[in-house]
Amino acid sequence: MLLWLWLLLLGFITYWILRRGVARITRTPIWILWLVMMTPALIWSTWQLVYGEQRRIPPELIIIPFILCPCVYWLLVQLGRQTPPEMIDSSTTSFSSMTPETTPKPPPPRVITPSEENKLRECFPWSVFPLQKLEHRPQAVICRGQIRSNPETVYQTIRDKIEAQFGDRFIVVFQTDLNDKPFFALVPNPYIETAKKGTDNDPLTRPLLALALLVITLFTTTLAGVAMADVPPETWQSDPNLLRQGLPYALALMAILGIHESAHYLVARCYRIRTTLPYFMPVPFFLGTLGAFIQMRSPLPNRKALFDVSVAGPWAGFIVTLPILIWGLAHSTVISKPPDSVGILDFDAINPSFSLLLTVLSKLTLGTELTATDAIDFHPVAIAGYLGLIVTAFNLLPVGQLDGGHMIHAMMGQRTSMAIGQVSRFLILILALTRQEFLILAVLLFVLPLNDEPALNDVSELDNIRDFVGLLTLCLLLVILLPVPQMVAQWLNF
């Protein structure tokens, strides 16, 4: 039953991602794309439903759908792709356009008028960024040239001059193309009309909605905590006071998730980025929540801001997770390891050896009581801390629009981050061959887009301190994900 609930949830998330991202660029029906992307998960779930844990899924049944379905998905997207106006060949005509009476189709409107081109050219000093070419697009002006100063100085100088000439009419973007050639893009500012009207159809701050979701999530996580405390539903329904036994889990988990997202929110506000309040996502089963999220409604100014916002959440959540997990482990029970292997979400018998960090914390907390032949029956607070580790590791995966994907983008650039994200997807797939719990994660990572939204100044690189913090963050990901080495296990007497 739990498997199908997770499958239903994965299907909803996949459809939501496709609707928000791919629907704008292709005419292929979303339900067909959704069915293609969900095919691997449906095949694996059906196998597990028929054979259970008695027979492991054959590797070819994992690898072939995982490779074939993304290829079919890409082909369907390309077949239905909307052709942008600037890509239409001007030599292509209909039969009626061949008649002499027909006037030629007017070119698409320009973002700037010919008389404004001279003003724009004056914004690019020869000593900073000599302008070599202007390209007019329906929604932007592309200004190509050569960097002759520090990229940060170049961006600041050009942006200030454009703002002096055109005010807040444009958003100025500084990027590199596929050949590593720098260019500026002037995009019409979408916030001008809203400012003129004095209204906002999409308000950022919805405190009542945020408060309502918080209260509902507190209730659903409390119910999940009661179940983890082995209190039957009929018992707490007859005595509602027993619901208090679910509060330790609920408060601990919500503190971890809330501080994670609040750190994102506060750092984003420090950079004056328009962002929503943190919103919790309640679910009425299993863990009681799917986490929390914020949405940023304005572009990030530079890669430093992208880095700071992305790493703030995982580190803040991890710092809170550590004492919660240690306290929970100290109140957990050591039991004999079950004869049959159990999953990483079977909280009644967790074998910590699959994670180096979890093994070290468990051994240091429980001492000689924990041996290699034992497992841990987690206290509800330990479950919350353990989930905090999982959330931290998931967010730090260097894929697309996850925190780790943002971080790698800020450190190494957008193209390199996309390549690393693709490699990470296949590494998770290989991991899924040994642990079937990672199959749904592997599907979800292949649904997430690899590309990340560029910062306004996406050329300036990070300083040495941020690069060091980024490497340290990757080390944190590795010590959570990697199993305990034999040498460390011997040192810990585990």
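I began at Arg 466, which counts as buried at 19% relative accessibility. The cut-off for buried is under 20%. I am working from a predicted model.

**Entry: Arg 466 and its partner**

I looked up what Arg 466 pairs with. Asp 463 forms a salt bridge with Arg 466. I noted 2.5 Å between the closest N and O atoms of Asp 463 and Arg 466. Asp 463 is partly exposed, with a relative accessible area of 27%.

Glu 135 forms a salt bridge with Lys 133. Their closest N and O atoms are 3.6 Å apart. Is Glu 135 buried or exposed? I have Glu 135 at 13% relative accessibility, so it counts as buried. Lys 133 is partly exposed, and its relative accessible area is 46%.

**Entry: a bridge between helices**

I moved on to Glu 152. This residue forms a salt bridge with Lys 304, with 3.8 Å between the closest N and O atoms. Glu 152 is partly exposed, at 39% relative accessible area. Lys 304 is also partly exposed, at 24%.

I searched the whole structure for such pairs. The search gave 11 salt bridges.

**Entry: H7 against H9**

I turned to helix packing. Two packed helices are described by the angle between their axes and the distance between the axes. I took helix H7 (residues 207–228) and helix H9 (residues 247–270). Their axes come within 7 Å and cross at roughly 130 degrees. That makes H7 oblique to H9. I logged the crossing of H7 and H9 as right-handed.

Which residues meet at this crossing? From H7 I listed Leu 214, Thr 217, Leu 218, Thr 221, Thr 222, Ala 224, Gly 225 and Met 228. In H9 they meet Leu 247, Tyr 249, Ala 250, Leu 251, Leu 253 and Met 254. How many residues of each class does the contact of H7 with H9 have? I noted 10 nonpolar, four polar and no charged residues.

Key
Residues numbered from 1 in each chain as written. Predicted model: local features only at pLDDT ≥ 70, side-chain atom pairs only at ≥ 80, totals over all residues. Heavy atoms only, no water. Salt bridge = Lys/Arg side-chain N within 4 Å of Asp/Glu carboxyl O. Buried < 20%, exposed > 50% of the residue type's maximum accessible area, 1.4 Å probe, protein only. Axes fitted to C-alpha atoms, helices over the stretch in contact; angles between N-to-C directions. Helix = DSSP H or I, 4+ residues; strand = E, 2+ residues; numbered from the N terminus. Parallel < 35°, antiparallel > 145°, perpendicular 65-115°, else oblique. Left-handed = near helix turned anticlockwise from the far one by under 90°. Contact = heavy atoms within 4.5 Å. Nonpolar A, V, L, I, M, F, W, Y, C, P; charged D, E, K, R; others polar.
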